Amino acid sequence: MKTLWHNCHAASMVGGRYSIIENAAILTDGPLIEWIGAAHAAPPADATQVDLGGAWVTPGLIDCHTHTVFGGNRSGEFEQRLQGVSYAEIAAAGGGIASTVRATRAATADELFASARRRLVSLLRDGVTTVEMKSGYGLDLANERKLLQVIRRLGEELPVTVRATCLAAHALPPEYAGQADAYIDHICTQMLPALAEEGLVDAVDAFCEYLAFSPEQVERLFKVAQGLDLPVKLHAEQLSSLHGSTLAARYHALSADHLEFMTEDDAQAMAAAGTVAVLLPGAFYFLRETQLPPMEALRKHGVQIAIASDLNPGTSPALSLRLMMNMACTLFRMTPEEALAGVTLHAATALGMQASHGSLEAGKHADFVAWDIDRPADLAYWLGGELNKRVVRHGALVSI
Ligand code: NIG
Ligand code: FE
């Protein structure tokens with residue numbers, strides 16, 4: 001079944017960068033794009049015609065870093081931080097990630113599914129068609145499994161393509177207090193092999209930070225991931241510089257994420273390895289950070305830059321990826337074109353999905369959004385909110 005989507009313009013992202021086709025048409029065949037180009041050159045085809053009314057078509061947005069599934073919330077800690085208590089101080093006092101772990105362990109899979117579903121629907125209403133979600137609030141085999149199973153179920157029950165990342169090395173669970181090496185061993189020998197065997201893991205992530213895990217501990221985990229044929233990602237240089245991003249590059253990580261404290265050498269290593277820099281302006285904003293990621297070094301060395309919501313209860317309760325595009329522009333001085341490439345093309349690469357997603361090209365998935373906007377920059381201009389649009393996934397209109 002073919003469809004010709006016409007009377008539109010396309011921000012196609014063809015050629016590995018922001019690029020546009022004015023007066024475009026897109027021919028889809030079932031779930032795939034068969035052809036895209038200038039409307040006057042459209043090939044003759046027996047196709048259903050859909051008039052997009054002059055809309056701008058972008059690839060479906062990709063949120064490549066989220067912690068959507070968790071129990072409880074941490075608005076109380078938000079209030080504490082507004083009184084001047086720091087994120088690190090809250091974590092040291094047993095709050096922070098540990099408090100979400102307690103709430104997540106206490107919640108049933110159905111409860112976690114219901115609350116995550118509501119958050120995910122907000123992201124989808126913003127034009128997201130692919131989302132990555134991490135475990136990391138279970139921190140033992142049964143609870144990490146529970147989270148990863150909920151993540152899989154969200155992908156089955158909602159019109160979105162889901163990638164599941166195992167972030168068992170997010171924080172030290174209370175059972176392993178003072179024994180970080182033993183917990184890493186437990187992940188490496190028990191948790192990860194079991195979860196991978198059950199088909200619940202698409203990638204492996206860790207939190208490399210002075211208040212979480214050291215580069216040496218992360219490297220042990222990466223070696224095991226490599227042995228299981230799983231790609232790796234890393235939360236790195238968010239609060240301090242440990243050169244986790246260089247370590248990630250050595251393991252050909254899909255991405256290193258946060259990166260406010262990275263150095264130019266780190267950027268060079270990431271560029272050489274093709275590791276994407278995932279910037280998370282929501283966490284930067286919400287923690288009222290002042291250290292900006294080194295945009296000039298990233299650009300100079302040609303590191304691909306993605307933008308994501310980091311949706312999580314502690315540092316980025318962000319329910320709009322377009323709001324993150326706006327923040328990437330206002331806070332990190334990215335251009336609206338860079339921000340759009342950051343939630344499409346480069347976000348796809350950050351998930352290892354660049355062959356099938358992230359741009360509008362023949363042979364790729366027909367996942368796109370037709371926005372009723374005047375210019376692509378409008379997507380980064382409005383501060384969240386819902387824009388008029390039509391969302392197409394696997395070649396068919398979806399309603400959320
Ligand atoms: O990406 N950096 C570590 N993980 C999350 C925060 C998680 C939390 O505070 O619950 C992040 O910012
Ligand atoms: Fe995160």
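1. The note opens at the ligand: in this predicted model, the side chain of R74 places an N or O atom 2.8 Å from an oxygen atom of ligand 1. R74 is also among the residues that come nearest to ligand 1, together with Y87, Y137, H170 and T315, out of 15 residues around the ligand.

2. Two further side chains deserve attention at the ligand. A nitrogen atom of ligand 1 lies 3.0 Å from an N or O atom in the side chain of Q238. For H258, a polar side-chain atom is found 3.0 Å from an oxygen atom of ligand 1.

3. The domain assignment divides the chain into two domains. Domain 1 is made of two segments, 2-58 and 360-398, whereas domain 2 covers 61-350. The C-alpha centres of domain 1 and domain 2 are 30 Å apart.

4. How many residues of domain 1 are in contact with domain 2? The count is 26 residues of domain 1, which meet 22 residues of domain 2. The size of an interface is often expressed as the accessible area lost when the parts come together. Between domain 1 and domain 2 about 1800 Å² is buried, and carbon and sulfur atoms give 66% of this area. On the side of domain 1, M13, A380 and R393 supply 28% of the area buried against domain 2, more than any other three residues.

5. What polar links does the rule find across this interface of domain 1 and domain 2? Eight residue pairs are in polar contact, both residues of each pair being at pLDDT 80 or more.

6. Three elements each supply at least two residues of the side of domain 1 that touches domain 2: β13 (368-371), α15 (378-381) and β14 (389-393). Of the elements on this side of domain 1, β14 gives the most, with four residues. By residue class, the side of domain 1 that touches domain 2 comprises 16 nonpolar, five polar and five charged residues.

How values were computed. Residues are numbered from 1 along each chain as its sequence is written. Chains are lettered from A and ligands numbered from 1 in the order in which they are written. This is a predicted model: local features need pLDDT of at least 70, side-chain atom pairs count only at pLDDT 80 or more; totals for chains, interfaces and linings use all residues. Side-chain values use heavy atoms; hydrogens and water are left out. Domain bounds come from an automatic or database domain assignment. Contact means heavy atoms within 4.5 Å. Buried area is the accessible area (1.4 Å probe) that two parts lose on being put together, summed over both. A polar contact is a pair of N or O atoms within 3.5 Å; within protein, one must be able to donate a hydrogen and the other to accept it, and residues adjacent in sequence count only if both atoms are side-chain atoms. Ala, Val, Leu, Ile, Met, Phe, Trp, Tyr, Cys and Pro count as nonpolar, Asp, Glu, Lys and Arg as charged, and the others, Gly among them, as polar. A residue is near a molecule or strand if one of its heavy atoms lies within 4 Å of it.
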